[in-house]
Amino acid sequence: MSWSNVQAKVKASKIPPVYGILVIVFLTAIFLDSIFGRGQITSQTILTNMVVRSVALGIVAMGQTFVMLGASIDLSVAYLISVTAVMASYLMQGDPARVPMAVATVFAIGAAVGLVNGLIVTKLRVNPFIATLGVGLVLKGFLNASFETFTGAVPRSFQSFGYDSVGPIPYSILVLLGVTIVAAVALKRTKFGAHLYAIGGNQEASRLSGLRTDRVIIVAHVICSLTAVLSGLFIVSRLRSGAPWVGPDGLYDLESIAAVVVGGTALSGGKGGVWGTLAGVLIFGILDTAFNQLGVDPFLKQVLRGSIIILAVATYTIRSKEKAA
């Protein structure tokens, strides 16, 4: 079979092109680990840990995909993750009976934050970057004023989210897959998803054709905030207690945006999807695991991650311009 036939079959399968990069990155990591590392990157334990460490970023990146498809963005997710972690832990206080109340409360907070983001962007016409950055700073002020260190405790039953598994597959990986599938169905099989793509492609044309553009963008921001809450719950289940720095230190705002862009979703909106985002998240997971196996210096690791992100985004931009021409 010729290379052109292989390309035609891959294109017909509708697999996002980023999965080709994912395979290349994984094979390169295996090669480098076999020569310079310990040659253990393909072991089941390391592969499982790699995916589990990607769960928090993966879930919030799914929500970030929604707002970016609508030509918006959300920089408040990192601080919302921190708010979720400390509030859930504070409300649970190690008591299993308080878990439903705590979970319902943090999801309500997340929905409120998403609603505020969406209203500021659509009704006040504030640039999404500035609007969500401002909301994030408000959340940061709340955290700084209310919490200084680890707060509360998570009961053992809730820690199952972060540590237990069904056979060899951890619950958290199943949750990430479930979120991805639900998001993919919402984007491809529902009227909301079709409207979101249309608005991201051309908001003014969508408005003139009768679409309720503001409502769709607001819902996208609420969805993004709810995924940030879910990520926060996963993190606190792993840490067993909430801390105000878990979101910003994890760079979940910038890395979720980077994962979405690397996954093929256009910053200008209207193009992309969650399966590409999942591949982008896994690429980051493979890079982190490979750097750890190779003993790369943490500061050099950040430089390499940033360089790879720039290279990937530049490649997509050049390819998009070539297709447009």
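Glu-204 and Arg-207 join their side chains in a salt bridge, with N and O 2.5 Å apart; a salt bridge here is a side-chain nitrogen of Lys or Arg within 4 Å of a carboxyl oxygen of Asp or Glu. The model is a predicted one, in which local features need pLDDT of at least 70 and side-chain atom pairs count only at pLDDT 80 or more, while totals for chains, interfaces and linings use all residues. Residues are numbered from 1 along each chain as its sequence is written, and side-chain values use heavy atoms, with hydrogens and water left out.

Because Glu-204 and Arg-207 are 3 residues apart in helix H11 (residues 203–208), about one helical turn separates them. Helices (H or I, at least four residues) and strands (E, at least two) are DSSP runs, numbered from the N terminus. An α-helix has 3.6 residues a turn, so residues three or four places apart point the same way. Glu-204 is partly exposed at 42% relative accessible area, and Arg-207 is partly exposed at 43%; buried means under 20%, exposed over 50% and partly exposed in between, with a 1.4 Å probe and protein chains only.

The salt-bridge rule gives a count of 4. One of them pairs Arg-156 with Asp-164 at 3.3 Å, N to O. Arg-156 is partly exposed at 48% relative accessibility, and Asp-164 is partly exposed at 25%.

Another salt bridge ties Asp-214 to Arg-125, with the closest N and O atoms 3.7 Å apart. This pair links distant parts of the chain, since Asp-214 lies in helix H12 and Arg-125 in the loop between H6 and helix H7 (128–146), 89 residues apart. Asp-214 is buried at 14% relative accessible area, whereas Arg-125 is exposed at 56%. The side chain of Asp-214 also makes a polar contact with that of Lys-123 at 3.3 Å. A polar contact is a pair of N or O atoms within 3.5 Å; within protein, one must be able to donate a hydrogen and the other to accept it, and residues adjacent in sequence count only if both atoms are side-chain atoms. Lys-123, Arg-125 and Asp-214 are linked in a network of salt bridges.

Asp-33, in helix H2 (residues 18–36), is buried yet has no salt bridge, and the nearest side chain of opposite charge, Arg-38, is 5.9 Å away. For charge, Lys and Arg count as positive and Asp and Glu as negative; His and the chain ends are not counted. The side chain of Asp-33 does reach the backbone nitrogen of Gln-40, at 2.9 Å.

In helix H8 (residues 156–163), the buried residues are Phe-158, Gln-159, Ser-160, Phe-161 and Gly-162. They pack against helices H5 (77–92), H6 (99–122), H9 (171–189) and H12 (213–239), where contact means heavy atoms within 4.5 Å.

The second largest pocket holds about 530 Å³ of space. Its lining has 23 residues, and those closest to the centre are Arg-53, Ala-56, Gly-250, Tyr-252 and Asp-288. On a 1 Å grid over the protein atoms alone, a pocket is an open set of points where a 1.4 Å probe fits, with protein on both sides within 12 Å along at least five of seven lines; lining residues have an atom within 4 Å of a point. Helix H15 gives the most to this lining, with 5 residues.

Terms used:
Grid points are joined across faces, edges and corners, and a volume is the space filled by probe spheres set on the points.
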